[in-house]
Amino acid sequence: MKKLLLLGLSIVLSIAAATPSIAEEQNQTKRGVGPAPFYLSVKDKIGISKEQEDKLMAVEKEAIKKLEALTPSIIKAQQALNAVTKEEEVDLKKVRELLNNIVTLETDGKFTVIEAMALENKVLTKDQRDKAKEIALSMSKAGQAPPAPPVKK
């Protein structure tokens, strides 16, 4: 019975490990949370004003700050889950509590990403968003990666 429990638990944990978490998505912040880096990379082509640029960067920075605040909690909860599941007598109540905590934290992180996307899209006019979509579509057809955003000095 114990072997069956450990086998089932290892399958659940391997599935959970294969699912990208916010902690693993931390690399995403290097390229951006929402579409702002892309918008800024084509700002001259779509006509982004200085005010719009500042708003985009503010939303992006706030989202990155939120994700960075969540990451340590997610890592700590995942480590606690690993520790509990390695015990000889697995406390299933504690496992459920830790899993629920991890799901809540990861949901908060995914919401932060979606929120950043929505807020950044609102900064641009419909015409600017349409132009950006056209540029992105033409780049994907040509097999190009979007240009890197300009470096602020």
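**A tour of the salt bridges**

Select Lys55 and Glu51 to begin: their side chains meet in a salt bridge, 3.4 Å from N to O, the term denoting a side-chain nitrogen of Lys or Arg within 4 Å of a carboxyl oxygen of Asp or Glu. The model is predicted: local features need pLDDT of at least 70, side-chain atom pairs count only at pLDDT 80 or more, and totals for chains, interfaces and linings use all residues. Residues are numbered from 1 along each chain as its sequence is written, and side-chain values use heavy atoms, leaving out hydrogens and water.

Both Lys55 and Glu51 belong to helix α5 (residues 50-85), four residues apart, about one turn of the helix. Helices are DSSP runs of H or I with at least four residues, and strands are runs of E with at least two, numbered from the N terminus. Lys55 is partly exposed at 45% relative accessibility, and Glu51 is exposed at 53%; buried means under 20% relative accessible area, exposed over 50%, and partly exposed in between, with a 1.4 Å probe and protein chains only.

Next, select Glu115 and Lys66, a salt bridge with its closest N and O atoms 3.0 Å apart. This pair links distant parts of the chain, with Glu115 in helix α6 (residues 92-123) and Lys66 in helix α5, 49 residues apart.

Then move to helix α7 (residues 126-142), which holds Asp130 and Lys126. Their salt bridge has its closest N and O atoms 3.2 Å apart. Asp130 is partly exposed at 28%, whereas Lys126 is exposed at 56%.

Finally, display the whole protein: it has seven helices and zero strands, and the salt bridges number eight.
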